[in-house]
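Here are my notes on the model, as numbered points. Please read them with the coordinates open.

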Amino acid sequence: MGPIKALKKRKRSAEKKADPNVLLAAASAATDSLHNDNNDNDDDSSQPSDWWDGFSRRISGPYSGSTDPKTFESVFKVSRKTFDYICSLVKDDFTAKPANFSDSNGKPLTLNDRVAVALRRLGSGESLSVIGESFGMNQSTVSQITWRFVESMEERALHHLSWPSKLDDVKSKFEKISGLPNCCGAIDITHVMMNLPNVELSNKVWLDGEKNFSMVLQAVVDPEMRFLDVIAGWPGSLSDDVVLKNSGFFKLVEKGKRLHGGKIQLSERTELREYIVGDSGFPLLPWLLTPYQGKPMSLPQTEFNKRHSETRKPAQMALSRLKDKWRIINGVMWMPDRNRLPRIIFVCCLLHNILIDMDDQTLDDRLLSPQHDVNYRQRSCKTVDEASSVLRDELSNQLWGENSSA
């Protein structure tokens, strides 16, 4: 069984890294424009000029009536600047496909209202009924708005997740972490757990090694925890190496379309090509370096594993932050539509990258554990490419030599 495609309308022309200066300018312009748009949609002149002032008074629960920016960030998991930027991304789609979305009092929902509903659903992981009750609308409205938001973000925010055209900066930052040269990414896999209908419980393909029904997300991450490549949709029963070998990323590398840049000379006969790092659940390949397994280990091997572990941390932390921030994919999903779930996961990854690109540090002062798959045991892959094993030994010895002479 193959993965469900996360996006059918991906445009190659969108594969361009967002310029932070352009993003900031766009966010500023979006703020002014969206405030004006929402004021124009409001016929009641007694309403506050700022959308959040009015919206916070309409919701129920602990956040009702609070205009504190920290409350806004707690509710939506983004800053107001980022919120306005996201609104600007989906604005055309929401206005091009008008729908009679309204609250329980019949008041039409503005663009900001609808984005607020979707972000709350994705960020909190609360049920449709809880969000509907808090925001004063029925469950169907919450569901429809969230899905329309997902569809729009898949296309409008795609430029926030792409493989870099140049990797020099990525390689330099990885080397500064622990000294591994020519590294272009860290790969990891996490599980999104699901509750399945009783009629599907006999379908063991979704049953993973920890006896949970789950779907897999594979991600390649840069040193700043930005997702460079993701794939979601594979059943949790599949091992990490099987998911990798059936991914588009694997096929692109094998065809020479990724990780094909400059090489580093390790010795007279050995060159170190561009590569990524992964844990022992992945195979040791010419372009994928994994840690040494088993004991005893030599001093160079132990030192290599230490450096390798530090280099992998951005991927672990990225997945941990993803699940902590966008809790719809944390915990256990209640009977999800498995055709839609990969697309929801993908949009959560886009939102994760947008926060980085916007330099949005909302709630980042909380301590996160690198353990994104709680209670999942590390599994080992025995696949070893012999030439890659020799290359890893040479790299380990060189790094140990540098460490000893320092």
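1. Tyr 292 is buried, with a relative accessible area of 9%; buried means under 20% relative accessible area, exposed over 50% and partly exposed in between, with a 1.4 Å probe and protein chains only. Phe 304 also counts as buried, at 1% relative accessibility.

2. This is a predicted model, in which local features need pLDDT of at least 70 and side-chain atom pairs count only at pLDDT 80 or more, while totals for chains, interfaces and linings use all residues. Residues are numbered from 1 along each chain as its sequence is written, and side-chain values use heavy atoms, with hydrogens and water left out.

3. On confidence: pLDDT is the predictor's confidence in each residue, from 0 to 100. The protein chain averages 86, and 83% of the residues score at least 70. Contact here means heavy atoms within 4.5 Å. Where pLDDT is low, the predicted coordinates should not be read in detail.

4. The largest nonpolar core has 106 residues; Phe 76, Leu 119, Phe 149, Met 153, Phe 227 and Trp 287 touch the most other members. Such a core is a set of buried Ala, Val, Leu, Ile, Met, Phe, Trp, Tyr and Cys residues joined through side-chain atoms within 4.5 Å. Helix H12 (residues 341-357) gives the most to this core, with 11 residues. Helices (H or I, at least four residues) and strands (E, at least two) are DSSP runs, numbered from the N terminus.

5. What does Phe 76 touch, not counting residues up to four places away in sequence? The list is Trp 51, Trp 52, Phe 55, Ala 116, Leu 119, Arg 120, Phe 135 and Trp 326. Trp 51, Trp 52 and Phe 55 are among the buried residues of helix H2 (residues 51-58).

6. The structure holds 16 aromatic pairs. Rings of Phe, Tyr and Trp (its six-membered ring) pair if their centres lie within 6.5 Å; planes under 30 degrees apart count as stacked, over 60 as edge-to-face and the rest as tilted. Phe 72 and Phe 76 form an edge-to-face pair, 4.9 Å centre to centre with 65° between the planes. These two are about one helical turn apart because they sit four residues apart in helix H3 (residues 69-76). Phe 72 is buried at 3% relative accessibility, and Phe 76 is buried at 0%.

7. Ring pairs link Trp 51, Trp 52, Phe 55, Phe 72, Phe 76, Phe 83 and Phe 135 into a cluster.
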